Amino acid sequence: MRQKLPGKSLVNLCALFGVSRQAYYLAHQNATKTNISHMIVLALVAEFRVAVPMLGTRKLLHMLSPELKSMILKWEEISFLNY
């Protein structure tokens, strides 16, 4: 929205939608983290699909779960170190 209305301040835009600036920045930060996580998972799925093309979703999830668990542990360590 800020790109479409460069003359408006963030305070005015937040007031227009009824959210605080803090809520805006928190939502933006969470969206960025979610997008990165989705891209990583999609890359892993693509890797497995290339290796085994006719792999079903349940078996794919079963094969991905150890890698996803290790990724979650790494993310928890990173977030712990950031605080």
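This is a predicted model: local features need pLDDT of at least 70, side-chain atom pairs count only at pLDDT 80 or more; totals for chains, interfaces and linings use all residues.

Me: What makes the pattern of the protein chain α-α-α?

Reply: The chain has three helices and zero strands. Helices are DSSP runs of H or I with at least four residues, strands are runs of E with at least two, and both are numbered from the N terminus. Read along the sequence, that gives α-α-α.

Me: Why is S37 called partly exposed?

Reply: Buried means under 20% relative accessible area, exposed means over 50%, and partly exposed is in between (1.4 Å probe, protein chains only). S37 has 29% relative accessibility, so S37 counts as partly exposed. S37 is found in helix α2, residues 21-51.

Me: Why is T57 called exposed?

Reply: T57 has a relative accessible area of 60%, over the 50% limit, so T57 is exposed. T57 is in helix α3.

Me: And R21, buried, exposed or partly exposed?

Reply: R21 has 47%, so R21 is partly exposed. R21 lies in helix α2. Leaving aside neighbours within four places in sequence, R21 is in contact (heavy atoms within 4.5 Å) with L10, V11 and C14. From R21 to L10 the C-alpha distance is 7.3 Å, and the two are 11 residues apart in sequence.

Me: Why is α1 called roughly perpendicular to α2?

Reply: Helix α1 (residues 10-17) and α2 pack at an angle of about 90°, with their axes 9 Å apart. Axes are lines fitted to C-alpha atoms, for helices over the stretch in contact, and angles run from 0 to 180 degrees between N-to-C directions. Under 35 degrees is roughly parallel, over 145 roughly antiparallel, 65 to 115 roughly perpendicular, and the rest oblique. The angle of about 90° falls in 65 to 115, so α1 is roughly perpendicular to α2.

Me: Which residues meet there?

Reply: L10, V11 and C14 in α1 meet R21, Y24 and Y25 in α2. By class, this contact has five nonpolar, no polar and one charged residues. Ala, Val, Leu, Ile, Met, Phe, Trp, Tyr, Cys and Pro count as nonpolar, Asp, Glu, Lys and Arg as charged, and the others, Gly among them, as polar.

Me: What makes a group of residues a nonpolar core?

Reply: The set must be buried Ala, Val, Leu, Ile, Met, Phe, Trp, Tyr and Cys residues, joined through side-chain atoms within 4.5 Å. The largest such core here has seven: L44, F48, L55, L60, L64, L68 and M71. The elements giving two or more residues are α2 and α3 (57-82). α3 gives the most, with four residues. Not counting residues up to four places away in sequence, L44 touches L64, E67, L68 and M71.

Terms used. Residues are numbered from 1 along each chain as its sequence is written. Side-chain values use heavy atoms; hydrogens and water are left out.
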